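Please look through the sequence and the model shown here before reading the report that follows.

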Amino acid sequence: MTDLSSSPESGEATTSSETHSGFIAIVGKPNVGKSTLLNTFLGTKVAPTSPRPQTTRRGVRGIFTTETQQIVFVDTPGLHKPKDALGKYMNQEVQGALADVDAIIWVVDLRRPPGDEDELVARQVRDLPKPLFLVGNKTDAAKYPDEAMKLYRALLEGREGEVSETMLSAQNNPAAVATLREQLLDVLPENPFFFPNSGASDQTREQWAAEIIREEAMKKLREELPYSVATRVNDWTEREDGLVRIEGEIIVEKSAHKGMVIGAGGKQLREIGQAARKQLEILLNRKVFLGLEVIVIPGWREDEEALRELGYE
Ligand SMILES: Nc1nc2c(ncn2[C@@H]2O[C@H](COP(=O)(O)OP(=O)(O)OP(=O)(O)O)[C@@H](O)[C@H]2O)c(=O)[nH]1
């Protein structure tokens, strides 16, 4: 797969005046398919996806580069009513992303009519003087996609300037996603490339692997637990025989949660580890050894210092 990590400071950025490049935010309420859309745009997995709302926590950037054009996608956490400091951080990530980008993609779920959270997003994007793309997702599973799209469109009423609309399935329709990507390339301003043209994301490999582990943990855990875990990777070693050894941690808020993550006889932790290892092996095309430990950082979601330490800053 492509190299996952690029850095704007690496000094390799292209500087030709004939290049077009820009930042495009992908926004929407939780669980509508923003990260899935990003991964399909890039043809590789840079962002975690799961059936649970609020899987994305930081603004992951995904980079798509052609010979003369570069889109830096900013995948944002789902905009929602925050319950804790982590939630506030997530909403700030969205607002920060919207202020800085050249265009906005608003993703909606066509299986359902708009709700409060969609209105919240519409209010945030409606008046920004930037190209806006309304993407109706999950057409494969929507009973009344046209009717739903009409209701979402109505939330943008009064907006000055054009809104481009697309209905697609981010998960099952890569051709439609590629067509949308072409339209996005057309709105990029003239700019040098922001990132070297080799990477697909601005995350370090450790951050990326930690997100895959969190995705699998979120899929397995029940009730409130998925939202109270964080993950980090402390060590990544590549052996000469090609095996990658990754040491990760799952962080919980209370000692009582530790046992719930580990499960009887360690079964659940083993399952999370196996599923994450499988994904990592496919995505890296290498054999992976994944060591996982569960640790407690009391109340980390409300602790500014712990949030910073875990990369939510
Ligand atoms: N049927 C169907 N499901 C989809 C489609 N796109 C995404 N999904 C599913 O929707 C769920 C949420 O997808 P994500 O990409 O994680 O959604 P998100 O908007 O990034 O979610 P947050 O992290 O909560 O903001 C996952 O279970 C996806 O598999 C689609 O085109 N069709």
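## The chain as a whole

Of the 313 residues in the chain, 40% count as buried, and this should be read with the caution that the model is a predicted one. The chain holds nine helices and nine strands. When contacts between residues at least 6 apart in sequence are considered, 71% of them join residues that are at least 24 apart.

The domain assignment divides the chain into domain 1, covering residues 8-186, and domain 2, covering residues 205-309. The centres of domain 1 and domain 2, taken over C-alpha atoms, are separated by 27 Å. To the contact between them, domain 1 gives 12 residues and domain 2 gives 14 residues. The side of domain 1 that touches domain 2 is made up, by class, of five nonpolar, four polar and three charged residues.

## The surroundings of the ligand

There are 25 residues around the ligand, and those that come nearest are Gly33, Ser35, Thr49, Gly78 and Ser169. Sorted by class, this shell has 15 polar residues, together with seven nonpolar and three charged ones. Helix α1, which spans residues 34-42, gives the most to the shell, with three residues.

## Two residues with a positive phi

Most residues other than glycine have a negative phi. Against that background, asparagine 31 has a positive phi of about 75° although it is not a glycine, and its place is in the loop between β1 (20-27) and α1.

The loop in which lysine 138 is placed runs between β5 (132-137) and α4 (145-154). Is lysine 138 buried or exposed? Lysine 138 is buried, because 23 other C-beta atoms lie within 10 Å.

Strand β7 (residues 230-238) pairs with strand β8 (residues 244-252) in the antiparallel sense, over eight bridges. Within this pairing, glutamate 238 has valine 244 of β8 as its bridge partner. The hairpin of β7 and β8 has five residues between the strands, and in this hairpin glycine 242 takes a positive phi near 100°.

Strand β8 is also joined to strand β9 (residues 288-296), by nine bridges, and β8 and β9 run parallel. Here the bridge partner of isoleucine 251 is isoleucine 295, in β9.

## The annotated span and histidine 257

An unreviewed UniProt entry carries the annotation "domain: KH type-2", which covers residues 221-298. The end C-alpha atoms of residues 221-298 lie 19 Å apart, and the span is 33% helix and 35% strand.

Histidine 257 lies in helix α7, which is formed by residues 255-262. Which residues does histidine 257 contact when its neighbours within four places in sequence are left aside? With those neighbours left aside, histidine 257 is in contact with Leu225, Ser228 and Val252. The C-alpha atoms of histidine 257 and arginine 232 are separated by 17 Å, while the two residues are 25 residues apart along the chain. Histidine 257 counts as partly exposed because it has 19 C-beta neighbours inside 10 Å.

Methods
Residues numbered from 1 in each chain as written. Predicted model: local features only at pLDDT ≥ 70, side-chain atom pairs only at ≥ 80, totals over all residues. Near = placed C-beta within 6 Å. Helix = DSSP H or I, 4+ residues; strand = E, 2+ residues; numbered from the N terminus. Nonpolar A, V, L, I, M, F, W, Y, C, P; charged D, E, K, R; others polar. Buried ≥ 20, exposed ≤ 12 C-beta atoms within 10 Å, placed from the backbone. Pairing = 2+ DSSP bridges. Domains from an automatic or database assignment. Contact = placed C-beta atoms within 7 Å. UniProt positions renumbered as here; feature names shortened; annotations may be inferred.
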